[in-house]
Amino acid sequence: RAGHGTTACPTRLEFGTRVLIDGMEYICNDRMNARYRSKDHFDIWVASKDEAFTWGRQIVEIEIL
């Protein structure tokens, strides 16, 4: 289930993998859209559309825990 602290990840990471993005820990529990699966894209769950637009599209360093 999607919710606070979850992210969609590339297929190279297994479900349940923990990642650190911008100082916050997330758990991979979903997959990216097929056109992004082979790349290094992550989709962080946020509660609202406004929050999504505030975060925007960013290039950040991601640490796999």
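**Before the views.** Helices (H or I, at least four residues) and strands (E, at least two) are DSSP runs, numbered from the N terminus. By that naming, T17 sits in the loop between β1 and β2. This is a predicted model, in which local features need pLDDT of at least 70 and side-chain atom pairs count only at pLDDT 80 or more, while totals for chains, interfaces and linings use all residues. Residues are numbered from 1 along each chain as its sequence is written, and side-chain values use heavy atoms, with hydrogens and water left out.

View 1. The score to know is pLDDT, the predictor's confidence in each residue, from 0 to 100. The protein averages 90, and 100% of the residues score at least 70. Among the elements, β2 has the highest mean pLDDT (95) and β4 the lowest (90).

**View 2. Five strands line up in an open sheet.** Their order is β4-β1-β3-β2-β5, and the pairing is mixed. At the edges stand β4 (43–44) and β5 (62–64), each with a single partner strand, so one side of each is left without a neighbour in the sheet. Two strands count as paired if DSSP finds at least two bridges between them. Strands of a sheet pair through backbone hydrogen bonds, either parallel or antiparallel.

**View 3. Strand β3 meets β1 and β2.** β1 (residues 6–9) and β3 (residues 24–31) run parallel, joined by four bridges. β2 (residues 18–21) is also joined to β3 by four bridges, but these two run antiparallel. Look for I27 in β3: I27 is the bridge partner of T6, and also the bridge partner of R18. In the hairpin of β2 and β3, two residues lie between the strands, and D22 takes a positive phi near 55°.

View 4. Buried here means under 20% relative accessible area, exposed means over 50%, and partly exposed is in between (1.4 Å probe, protein chains only).

View 5. C9 lies in strand β1 and C28 in strand β3, so the pair ties together parts that are 19 residues apart in sequence. Counting a disulfide as a pair of cysteine sulfur atoms within 2.5 Å, the total comes to one. The link is left-handed, with -80° about the S-S bond, and both C9 and C28 are buried. Across in β3, R31 stands opposite C9.

**View 6. Now for the largest nonpolar core.** A nonpolar core is a set of buried Ala, Val, Leu, Ile, Met, Phe, Trp, Tyr and Cys residues joined through side-chain atoms within 4.5 Å. The largest one has eight residues: C9, L13, V19, I21, Y26, C28, F42 and I44. The elements giving two or more residues to this core are β2 and β3. Zoom in on I44: leaving aside neighbours within four places in sequence, I44 is in contact with T6, T7, I21, Y26 and W55. Contact means heavy atoms within 4.5 Å.

View 7. Is T17 buried or exposed? T17 is buried, with a relative accessible area of 16%. The T17 side chain reaches the backbone oxygen of E14 at 2.6 Å. Not counting residues up to four places away in sequence, T17 touches Y26, I27, C28 and I64.

**View 8. Last stop, N29 in strand β3**. N29 counts as partly exposed because its relative accessibility is 27%. Which residues is N29 in contact with, leaving aside its neighbours within four places in sequence? They are R1, A2, T6, T7 and F15. T6 is 23 residues from N29 along the chain, and their C-alpha atoms are separated by 6.4 Å.

Definitions and conventions. Polar contact = N/O pair within 3.5 Å; in protein donor to acceptor, adjacent residues only side chain to side chain.
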